[in-house]
Amino acid sequence: MKTPSKELIDQLEQYLGEQAEYLAPLPIQTLENSFLSDGGQHKLEAELIIIATKSDNFITEITHSDDSNEGLSMLQKLLIALNKDLGNIHVHITNHPLSKDKQLYVSEDNLNAVREVIETINSPWILILDESLGRLLVHQLGDQEVGISQLNMGDVYSILGQKSIFTHSISLLLKQTHHKRATWTHVQPMLVES
């Protein structure tokens with residue numbers, strides 16, 4: 001690459017000097033405060049992170065009032081019963097775990113996307129809406145070593161330092177309504193420890 005000529009550098013310096021009077025100074029203190037001491041960006045705050053599969057994609061509209069969407073309404077009522085502010089919830093939709101050779105897995109890209117959400121959003125709780133996805137995320141990203149078959153819905157696990165619970169998906173509850181009572185039981189720790 002060619003080195004810029006002295007004439008070009010002088011012209012750029014003159015131009016930037018002239019523009020300086022029109023440009024607002026950078027809020028350096030604010031910028032410095034928005035970064036953590038380790039150089040990473042400041043974490044966003046949310047009251048709850050919900051991780052679900054694409055079968056529950058409709059829950060991304062969690063702040064909307066839509067009585068025609070029974071699943072969305074059901075989730076909203078559940079969260080209100082848990083004293084959660086619907087306007088302060090982060091929803092992440094990932095692909096459903098796939099079955100291959102009788103083993104469940106999540107693609108590396110999906111796992112990394114979930115990891116990024118958890119690492120960039122500070123929340124007291126993570127609620128995973130899908131039993132198989134919950135088992136996989138706790139097994140893959142959990143802070144404890146527990147066999148995947150030993151993980152139970154409603155038990156509290158730590159994922160990347162944040163408390164998490166997994167339960168049934170909303171789409172399953174729409175088809176098999178008898179699981180609603182169990183789902184309410186599963187999420188009780190979030191009410192007790194809020």
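Student: Is N83 buried or exposed?
Tutor: N83 is exposed, at a relative accessible area of 56%. Buried stands for under 20% relative accessible area, exposed for over 50%, and partly exposed for values in between (1.4 Å probe, protein chains only).

Student: What are these values based on?
Tutor: This is a predicted model, in which local features need pLDDT of at least 70 and side-chain atom pairs count only at pLDDT 80 or more, while totals for chains, interfaces and linings use all residues. Residues are numbered from 1 along each chain as its sequence is written, and side-chain values use heavy atoms, with hydrogens and water left out.

Student: Back to N83. Where is it found?
Tutor: N83 is in the loop between α3 (70-81) and β3 (89-94). Helices (H or I, at least four residues) and strands (E, at least two) are DSSP runs, numbered from the N terminus. The phi of N83 is near 60 degrees, a positive value in a residue other than glycine.

Student: What about L160, what is its phi?
Tutor: L160 is not a glycine, yet its phi is positive, at about 50 degrees. L160 belongs to the loop between β8 (157-159) and β9. With a relative accessible area of 27%, L160 is partly exposed.

Student: Let us turn to the whole chain. How many helices and strands are there?
Tutor: The chain has 8 helices and 9 strands. Of its 194 residues, 36% are buried.

Student: And what is the accessible surface of the chain?
Tutor: The accessible surface is about 12,100 Å², and carbon and sulfur atoms account for 52% of that. Accessible areas come from the Shrake-Rupley method with a 1.4 Å probe; for residues, only the protein chains shown count as cover.

Student: Now helix α3. Which residues are buried in α3?
Tutor: The buried residues of α3 are G71, L72, S73, M74, L75, Q76, L78 and L79. They pack against β2 (48-53), β3, β7 (125-129), α6 (170-175) and α7 (180-186). Contact here means heavy atoms within 4.5 Å.

Student: Which residues of α4 are buried?
Tutor: In α4 the buried residues are N110, L111, V114, V117 and I118. They cover an arc of only 120 degrees around the axis, which puts them on the same side of α4. The arc is that of the directions from the helix axis to the C-beta atoms. An α-helix has 3.6 residues a turn, so residues three or four places apart point the same way.

Student: Which exposed residues does the face turned away from the buried side of α4 carry?
Tutor: That face of α4 carries the exposed residues E108, D109 and E116.

Student: A change of topic. How many salt bridges does a search of the whole structure find?
Tutor: The search finds 1 salt bridge, that is, a side-chain nitrogen of Lys or Arg within 4 Å of a carboxyl oxygen of Asp or Glu. E131 pairs with R135, and their closest N and O atoms are 2.9 Å apart. E131 and R135 are 4 residues apart in helix α5 (residues 131-141), which separates them by about one helical turn. E131 is partly exposed at 30% relative accessibility, whereas R135 is buried at 18%.

Student: How many aromatic pairs are there in the whole structure?
Tutor: The search finds 1 aromatic pair. Y157 and F166 are stacked, at 6.2 Å centre to centre and 15 degrees between the planes. Rings of Phe, Tyr and Trp (its six-membered ring) pair if their centres lie within 6.5 Å; planes under 30 degrees apart count as stacked, over 60 as edge-to-face and the rest as tilted. Y157 is buried at 9% relative accessibility, and F166 is buried at 0%.

Student: Last one. Which residues is T167 in contact with, leaving aside neighbours within four places in sequence?
Tutor: T167 is in contact with L127, I128, L129, D130, E131, M153, T183, H186 and V187. T167 lies in strand β9 (residues 162-167) and is buried at 0% relative accessibility.

Student: Where does T183 lie?
Tutor: T183 lies in helix α7 and is buried, with a relative accessible area of 3%. Not counting residues up to four places away in sequence, T183 touches T167, H168 and L173.
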